[in-house]
Amino acid sequence: MKKISLALSLVVALVVLSGCGDKPKSDIMKYKYTPAQVYAETCLHCHGPKGEGVAEKKAPALTKQSVQELEMSLFDIKNGGLGQSTATEHDVMEHNMKKLAEKGYDYDIKMMANYLHNTFYVK
Amino acid sequence: MKSDKIIEDILFEIEKHEGGMSRRNAMKLLAASPIAASVLASAATATEAHASSSNATGKIVIVGGGLAGVATAAKLTQRLANPDITLIEPNPKSVSYQPGQTLIAAGVWQKSDIEYETANFIPKGVKWIKDSVVSFDPTNNKVKTADGTEISYDYLVVAMGLILNFGAIKGLEGEITSSGANDVVRKKVGKDGVYSVYFADGAVDTKKGIEELIAKAKAHKGSEKLQAIFTDPDTAIKCGGAPKKIMYITHDLLTKAGVRDKVELTFCPSGDKMFGVPEYNTAIFEQFKVRDFKWEFKTNLVAIDTEKKVATFEKKWLEKGEYDEDLKEYTMISMSKNVEKKYDFIHITPPQKAPDFVGKSPIGSSKGWVPVVKETLQHVTYKNVFALGDVAAVPMGKTGGSARKQYNVVAENLIAVMEKQEKLPAAYDGYTVCPLITSIGTVALLEFNWTAKPAPSFPLDPTQERWIWWLLKVYALKPMTIYGMLSGRA
């Protein structure tokens, strides 16, 4: 019966949707600088040599956050929000980050979060 | 066999709703499209690898019995030789199908089409406690329920969902869930031009609201258009597409009623884009222009006067400051002001948060959402705790489609922890799917992940609106979720 074939096709479509169809892994982005270089040459000006933050630049300390919190914040900054049309919580930094990326100071979110946490975290 | 049940359900639904003509068209479309071929090819390789069962033991407590919690319980029941699982969930209809709420507003479904009894989906052998958890003590591996019972665990899965925080908007009251009690919210929402599809009863009201708007438009004289506003808050939300879907549906119903030219439709989100994936962002802008939709970015609803029908939005923008020598750029200053808008119809997407019981507990975070390593879904501090679904702090993914990927990851990784393995084997990649309803009869199937690139399951341009995806949304995704996902099979 034809309608069974329609239903079957939809069911099979769902099998694919549900993830049995393996998709190729996304390309690994290459970055010009390491997270340490990006930090030393750009972030440091506002977040300080020890990630302590600089009040007059309105840049918060990066010493208190877990890797996961840093990752969420960096995702928010680079993606301009965590949803489809949800506002970023870092509107000034989102703007700054765009400018930095234009100059080649881009980075992998996870690597940068790990770098910041391993280098600056204060218990 | 569960798949029989799925097919049966799809057939029943098609029989009930679609005319013979539509079926023939569907068949033609399927036959002509490359989907059929590709789908069959994938199916050949998609024979599910039967994971052998694990002999690991330990008491697992799952807090929350929505789609994520019940699917996790089902998967663990299958995978463990001797499962010891307790599920804590107070709502007898917690597994109701929330993605159908937009279809209720569209008049395609009834509320009864999305209501499901939790009791029918609790896996055999799982102990169900019909109460809610009010405190977490992860240091001593205990939770406490509202009636004061302490429940200890070896392993904890948090799947408590989220709270629709209407009360965060000045002029409204109440914090609710999509299928629980909602009297307080409905004092102001669901009448007099103020609507929200974010809860099931609200979706029923929204359908009436659109009908009222049509009637008002038909009687409307004068050159000034009626104003319909669609909001999108500055918190993470479930189903990021719904604020737009309801706008497309309203547009479609107004058009069919012949009164679209009497009403201006404006999207007012807190953010400044349509979608985080550039390709989808561009596609949605095009869809908006074709439909003559207006939009105002960085315009976040903060207050509403339901008597005067005036909504207040906080509008934000950046202003150029001084030149910064260190940055070698002009500094930017964040500015904001409140603006008032009159409305005839407003669809509110409420601000959303983790339930305070978990958000403010030791396993919560400053923002409430339960912090997990976003790939493994393991809690950042407590290694015997996992979280998934709406309550978990992961970027983007508060959808049923995400939960459908996450529950397998949680089950596999939790078993690895129980087996004292060093590495967690499964990783979530941020997959989310947004079947964006663009009219009653078309859907754009927007699939993506954390790479912010399209991740289509099919070799078809995902930015196109298609009837086949409408069929998928209306006829296939629900049986798939209810009979596939809730039994831990798909």
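## A loop in chain B

B:Lys328 sits in the loop between β15 and β16 of chain B. Strands here are DSSP runs of E of at least two residues, and helices are runs of H or I of at least four, numbered from the N terminus. B:Lys328 is not a glycine, yet its phi is positive, about 55 degrees. Its relative accessible area of 54% makes B:Lys328 exposed (exposed is over 50%, buried under 20%, partly exposed in between; 1.4 Å probe, protein chains only).

This is a predicted model: local features need pLDDT of at least 70 and side-chain atom pairs 80 or more, while totals for chains, interfaces and linings use all residues. Residues are numbered from 1 along each chain as its sequence is written, chains are lettered from A and ligands numbered from 1 in written order, and side-chain values use heavy atoms, without hydrogens and water.

## The sheet

Strands β14, β15 and β16 of chain B form an open antiparallel sheet in that order. Strands pair if DSSP finds at least two bridges between them. The edges are β14 (299-305) and β16 (329-342). Between β15 (residues 310-324) and β16(B) there are 13 bridges. One partner pair is B:Ala311 and B:Lys341.

## The core

The largest nonpolar core has 165 residues. Such a core joins buried Ala, Val, Leu, Ile, Met, Phe, Trp, Tyr and Cys residues through side-chain atoms within 4.5 Å. B:Ile346 contacts residues including B:Leu301, B:Ile304, B:Ala311 and B:Phe313, leaving aside residues up to four places away in sequence (contact: heavy atoms within 4.5 Å).
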